[in-house]
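Here is a friendly walk through one protein model, with the sequence and the coordinates side by side. Have a look at both before reading on.

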Amino acid sequence: MKHVLPFVALAVFSAPVAAFEVSGSAGVTSNYVWRGATQSMGEPVAQGNIGVKHNGFYVDAWASQVNFDGEKDWEVDYAAGFSSSIGEFISYDVGYLKYSYLDDDVNFGDDIGEVYGSVSVGPVSGTVFRDLDNETSFYQGSVSVSDVLDLPVDVEGFVGRQQDAGEFSYGASVGKAFGDFSVSYTYTTKETEIEDSAHAVGIFYNF
């Protein structure tokens, strides 16, 4: 199986209502791919998220349909953390992420949780996710090509590595915003499973 931190929640929700920054999205994607593997058996799913931020502190809830056994269920992930920047080119983000599934038999407290930290320097970013229960890590890096080149679309390349599996996943994404809507295409593969490469096309409304 894949608590919002009390002090983060307190810091956010004790702030004046006018100071809240609320954002989110809702849409569909042709394939839900997570760390190089499909979570929807290659079928289309609905996804969405909503988040609240204040003075760098944030809480976020993200949901997606999943399909592991031929029947669609729901995954809901919760995150809480803090993000900020140092100067013009450096930013960082630290937090806690909890994975949960609505139709499983595992109690919420027993679902997997990860702490994470990321640093971005210009167009290059790196993130480490650490599963404290299983003592494993996932490492992820990305480069925003469209931050370097003047392109009409957003282009990003990424690579990831699961510590215990010892193999790399990698891919690229292309996206474009049209007002409040965005469309994207993502290609993902693993170094040992190139024939099972995953493709995903998504369209989302952002607010």
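In which strand is the place of Q65? Q65 sits in strand β5, which covers residues 57–67. Before going further, a word on the source: this is a predicted model, in which local features need pLDDT of at least 70 and side-chain atom pairs count only at pLDDT 80 or more, while totals for chains, interfaces and linings use all residues. Residues are numbered from 1 along each chain as its sequence is written, and side-chain values use heavy atoms, with hydrogens and water left out. Strands here are DSSP runs of E with at least two residues, numbered from the N terminus.

**Around Q65**

Is Q65 buried or exposed? With a relative accessible area of 18%, Q65 is buried (buried means under 20% relative accessible area, exposed over 50%, partly exposed in between, using a 1.4 Å probe and protein chains only). Its side chain reaches the backbone nitrogen of A46 at 2.9 Å. Neighbours within four places in sequence aside, Q65 is in contact with Y32, V45, A46, K72, D73 and W74, where contact means heavy atoms within 4.5 Å.

**The barrel**

Now for the strands as a set. A barrel is closed by 12 strands, in the order β1-β4-β5-β6-β7-β8-β9-β10-β11-β12-β13-β14, with antiparallel pairing. On average, neighbouring strands of this sheet are turned by 20 degrees against each other, direction ignored (axes are lines fitted to C-alpha atoms, and angles run from 0 to 180 degrees between N-to-C directions). Strands β12 and β13 run antiparallel and are joined by 10 bridges; two strands pair if DSSP finds at least two bridges between them. A177 has S182 in β13 as its bridge partner.

**Salt bridges**

How many salt bridges does a search of the whole structure find? The search finds 2, each being a side-chain nitrogen of Lys or Arg within 4 Å of a carboxyl oxygen of Asp or Glu. Side chains of opposite charge can pair when their charged atoms come close.

| Salt bridge | N to O distance |
|---|---|
| E114 and R35 | 3.0 Å |
| K190 and E167 | 3.7 Å |

The E114 and R35 side chains meet in a salt bridge. This pair links distant parts of the chain, 79 residues apart: E114 is in strand β8 (residues 113–121), and R35 is in the loop between β2 (33–34) and β3 (37–38). Both E114 and R35 are buried.

K190 forms its salt bridge with E167. K190 lies in strand β13 (residues 181–190) and E167 in the loop between β11 (154–162) and β12 (168–178), so the pair ties together parts that are 23 residues apart in sequence. K190 is buried, with a relative accessible area of 17%, and E167 is buried with a relative accessible area of 17%.

Definitions and conventions:
Helices (H or I, at least four residues) and strands (E, at least two) are DSSP runs, numbered from the N terminus. A polar contact is a pair of N or O atoms within 3.5 Å; within protein, one must be able to donate a hydrogen and the other to accept it, and residues adjacent in sequence count only if both atoms are side-chain atoms.
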